[in-house]
Amino acid sequence: MLTIILFTLVLILCLVEVFVNLNEDARTIKKIPGFKDVFFFGNSTAAFGMDSVGLFKLARDCAKKFNGIFRFYSLSIAAVHVYNPSDAEIIMSTMKHREKSIIYKFFKLWLHDGLLVSKGSKWQERRKILTSAFHFNILRKYFLIIEENSQKLVNVMEENSGKSINIVPILSEYTLNSISESAMGVELDKDPMYSEEVNTFMFEGHDTTAAGLTFCLLTLAENQDVQEKVYQELQSIFNGREDVTLEDLTMMNYLERCIKESMRLYPPVPFISRTLSETVKLSNYTVPVGTMCHIQIYDMHRQETLFKNAEKYDPDRFLPENSFGRHPYSYIPFSAGPRNCIGQKFAMMEMKSAVSALLKNYKLLPVTTSKDLEFIADLVLRNSKPIYLKFIKRH
């Protein structure tokens with residue numbers, strides 16, 4: 001009897017292997033580079049037993065080992081990872097592959113059919129309506145809210161001046177307050193889509209901007225010469241004046257380059273995932289319809305072929321003369337194409353406001369450094385441990 005059971009089990013496994021792991025789509029996918037496949041499980045065993053830190057490292061190791069593209073395949077679940085701008089453009093530049101992958105469905109209960117996860121005509125209609133909420137004139141109204149919260153942030157740091165403090169929860173509270181108070185001001189409250197989109201704003205604009213601020217402050221603390229140049233720019237703009245206007249923020253050109261460079265090294269959203277709506281060619285490999293495609297922004301931003309001395313923090317990469325000729329999809333911290341981040345101007349305004357307010361009042365000193373960072377696999381870039389800095393009061 002035991003022999004019959006074992007034989008049946010082996011037969012079932014073999015049938016699964018043939019019909020699921022060796023069908024036409026599977027054979028096509030397996031032509032793409034990736035870890036060696038094993039019977040029944042495909043090549044997903046490379047990730048077995050790993051914690052979230054290990055999974056993040058695995059993806060980075062794959063990006064170093066394979067040239068621009070790699071894949072995971074197991075039991076008909078296929079995921080292709082790309083990290084070169086030409087492939088990213090194919091996926092993101094049109095609405096062909098507009099559908100987010102199954103990964104985002106975990107947020108469906110909270111976001112419902114908000115802008116992040118909706119598709120088709122519903123997405124297009126809402127995108128058109130919501131774009132007006134981020135018009136420059138509307139941003140003026142948000143600016144006052146953000147500036148109030150930036151001053152509160154300065155006061156929080158004053159209470160901790162000279163101490164080694166974990167900046168992650170402090171910046172998270174700052175962005176949460178800023179986005180929630182601003183979201184309440186969006187004139188959508190009589191519309192049934194209001195709650196869905198407010199939840200989307202809270203999700204996309206809270207953790208992501210907090211992450212952007214965290215790593216911007218860390219890089220400025222580590223690069224004292226850059227921090228001093230930002231401070232001198234602020235001195236020239238304000239010249240002792242205390243009040244802040246939206247026009248002041250537009251003059252912070254060097255600070256903007258610093259923020260852009262920190263988001264290159266530490267993109268708040270390290271990858272974007274879509275489901276392919278048709279069979280496409282990526283890096284000269286055929287990728288079947290229905291495959292998940294993960295665009296690895298973190299790895300693309302660190303490619304030597306795109307950014308010389310890619311691991312080095314250098315804000316002058318974003319001078320106009322140094323940006324000329326760069327592939328438009330080589331730097332995409334706010335995504336790109338039709339589904340790019342609708343709130344990117346809001347986020348940049350918020351980061352400029354917070355960083356300028358802090359640097360006018362404090363000198364940043366590193367405690368946690370870039371060498372200490374150990375990221376976890378998540379939709380938002382997060383360190384596995386607290387991130388500490390010191391804020392020294394300027395006189």
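Biologist: In which helix is the place of Asn 361?
Modeller: This is a predicted model, so keep that in mind throughout. Asn 361 sits in helix α15.

Biologist: Is Asn 361 buried, partly exposed or exposed?
Modeller: Its relative accessible area is 23%, so Asn 361 is partly exposed. The cut-off for buried is under 20%.

Biologist: Which residues does Asn 361 touch, leaving out those up to four places away in sequence?
Modeller: Asn 361 touches Val 154, Ile 392, Lys 393 and Arg 394. Take Val 154. Along the chain, 207 residues separate Val 154 from Asn 361, yet their C-alpha atoms are separated by 7.5 Å.

Biologist: Now the whole chain. How many helices and strands does the protein chain have?
Modeller: The protein chain has 15 helices and 11 strands. Of its 395 residues, 52% count as buried. Look at contacts between residues at least 6 apart in sequence: 75% of them join residues at least 24 apart.

Biologist: At what angle do α10 and α12 pack?
Modeller: Helix α10 covers residues 224–238 and helix α12 covers residues 253–265. They pack at an angle of about 145°, and their axes are 8 Å apart.

Biologist: Which residues make that contact between α10 and α12?
Modeller: From α10 come Val 226, Lys 229, Val 230 and Glu 233. From α12 come Asn 253, Tyr 254, Leu 255 and Cys 258. Sorted by class, the contact of α10 with α12 has five nonpolar, one polar and two charged residues.

Biologist: And at roughly what angle do the axes of α12 and α15 cross?
Modeller: The axes of α12 and α15 cross at roughly 110° and come within 10 Å. Angles from 65 to 115 degrees count as roughly perpendicular, so α12 is roughly perpendicular to α15. The crossing of α12 past α15 is right-handed.

Biologist: Which residues of α12 and α15 meet?
Modeller: On the α12 side, Leu 255, Glu 256, Ile 259, Lys 260 and Met 263. On the α15 side, Met 348, Met 351, Lys 352, Val 355 and Ser 356. By class, the contact of α12 with α15 has six nonpolar, one polar and three charged residues.

Biologist: Pick one residue there. Is Glu 256 buried or partly exposed?
Modeller: Glu 256 is in helix α12. At 23% relative accessibility, Glu 256 counts as partly exposed. Leaving aside neighbours within four places in sequence, Glu 256 is in contact with Met 348 and Lys 352.

Biologist: Next, the nonpolar core. Which residues of the largest nonpolar core touch the most other members?
Modeller: That core has 64 residues, and Leu 217, Leu 220, Met 349 and Phe 391 touch the most other members. Helix α15, residues 344–361, gives the most to this core, with 10 residues. Another core, of 30 residues, lies apart from it; among its members are Ile 32, Ala 63, Met 92 and Leu 282.

Biologist: Which residues does Met 349 touch, again not counting those up to four places away in sequence?
Modeller: Met 349 touches Leu 139, Tyr 142, Phe 143, Ile 146, Leu 246 and Leu 249.

Biologist: Where are Ser 283 and Ser 335?
Modeller: Ser 283 is in the loop between β5 (280–282) and β6 (285–287). Ser 335 lies in the loop between α14 (320–323) and α15. With 24% relative accessibility, Ser 283 counts as partly exposed. With 17%, Ser 335 counts as buried.

How values were computed: Residues numbered from 1 in each chain as written. Predicted model: local features only at pLDDT ≥ 70, side-chain atom pairs only at ≥ 80, totals over all residues. Heavy atoms only, no water. Axes fitted to C-alpha atoms, helices over the stretch in contact; angles between N-to-C directions. Helix = DSSP H or I, 4+ residues; strand = E, 2+ residues; numbered from the N terminus. Contact = heavy atoms within 4.5 Å. Nonpolar A, V, L, I, M, F, W, Y, C, P; charged D, E, K, R; others polar. Core = buried A, V, L, I, M, F, W, Y, C linked by side-chain atoms within 4.5 Å. Buried < 20%, exposed > 50% of the residue type's maximum accessible area, 1.4 Å probe, protein only. Parallel < 35°, antiparallel > 145°, perpendicular 65-115°, else oblique. Left-handed = near helix turned anticlockwise from the far one by under 90°.
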